[in-house]
Amino acid sequence: MADTVQRIMEGMIPELEDLQLKNLFNSVEIKEIVKKRREYEYRLSARVPQELDFQQAIKYEILLNKLRIKRKKKLGLIKLSINDHASIKRIIFIYERYIRKFNGNIKVWFNYIDYLLETKSHKLVSKIFPRALQHHALNEQLWMKAIEMEYNIKNNIHTARSLCQRALRFIKSIQFYLFFYVLEFEYIQQLISRK
């Protein structure tokens, strides 16, 4: 476990050096970040990690990222750097481990999907939905969210319709049928407007 934690911590070195180089955090703050992250890594790498540990680690990283963005704006830094992507990757890394351990918790999947949509990681969301639906095929809201993402964000009506037809094998509610009919109606309107 200690080797794994040390390897993860060493992977953060370029990001932390960049944070200090850009004067976003001073050396004392960097040491505190390292200490806090190491503490979370040991908790997350335990034999039986707790859900609360994952939630706290994600919350810490999100707040740290918000502080980094705030300081970056204050300093007038516009150019993208290592730490812009590293923060998001770090949160995604924690979420991936979280859903691996607690894939039966639908709330975790929704939080993860919401975070990916918020950070505009649409390619990753497209990979997450099939995994989530594999574990929660009877969840109507998950199907609807996947379909809406394909239709509204990716503008892919064909995939949205295909997902709808797959969902109808599992979901038998009136609300979902109405959702499906609205989608079909909008698709027909698109076809008519093209002609």
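The model is predicted, so local features need pLDDT of at least 70, side-chain atom pairs count only at pLDDT 80 or more, and totals for chains, interfaces and linings use all residues. Residues are numbered from 1 along each chain as its sequence is written, and side-chain values use heavy atoms, with hydrogens and water left out.

**Nonpolar core**

- The largest nonpolar core has 54 residues. Such a core is a set of buried Ala, Val, Leu, Ile, Met, Phe, Trp, Tyr and Cys residues joined through side-chain atoms within 4.5 Å.
- Buried means under 20% relative accessible area, exposed means over 50%, and partly exposed lies in between (1.4 Å probe, protein chains only).
- Ile-147 and Phe-176 have the most contacts inside this core. A contact means heavy atoms within 4.5 Å.
- Leaving out residues up to four places away in sequence, Phe-176 touches Glu-140, Trp-143, Met-144, Ile-147, Cys-164, Ala-167, Leu-168 and Ile-171.
- In soluble globular proteins, nonpolar side chains tend to be buried together.

**Salt bridges**

- The structure holds 15 salt bridges. Each is a side-chain nitrogen of Lys or Arg within 4 Å of a carboxyl oxygen of Asp or Glu.
- Arg-90 pairs with Glu-41, and their closest N and O atoms are 2.8 Å apart. This pair links distant parts of the chain: Arg-90 sits in helix H5 (residues 82–101) and Glu-41 in helix H3 (residues 27–44), 49 residues apart. Helices are DSSP runs (H or I, at least four residues), numbered from the N terminus.
- Arg-90 is buried at 6% relative accessibility. Glu-41 is buried too, at 0%.
- Glu-150 and Lys-154 meet in a salt bridge at 3.8 Å, N to O. Glu-150 is buried at 8%, while Lys-154 is partly exposed at 35%.
- Shared partners join Glu-15, Arg-37, Glu-41, Glu-61, Arg-90 and Arg-97 into one salt-bridge network.

**Helix H10**

- Helix H10 has 21 residues (174–194) and should span 30 Å at 1.5 Å a residue. The expected span is 1.5 Å times one less than the number of residues. The end C-alpha atoms are 30 Å apart, which agrees.
- Its buried residues are Phe-176, Phe-179, Phe-180, Leu-183, Glu-184 and Tyr-187. Seen down the axis of H10, they fall within an arc of 130°, so they line one face of the helix. The arc is that of the directions from the helix axis to the C-beta atoms.
- These buried residues of H10 pack against helix H8 (140–153) and helix H9 (157–167).
- On the other side of H10, Ile-174, Leu-178, Tyr-181, Phe-185, Ile-192 and Ser-193 are exposed.

Methods: Helices (H or I, at least four residues) and strands (E, at least two) are DSSP runs, numbered from the N terminus.
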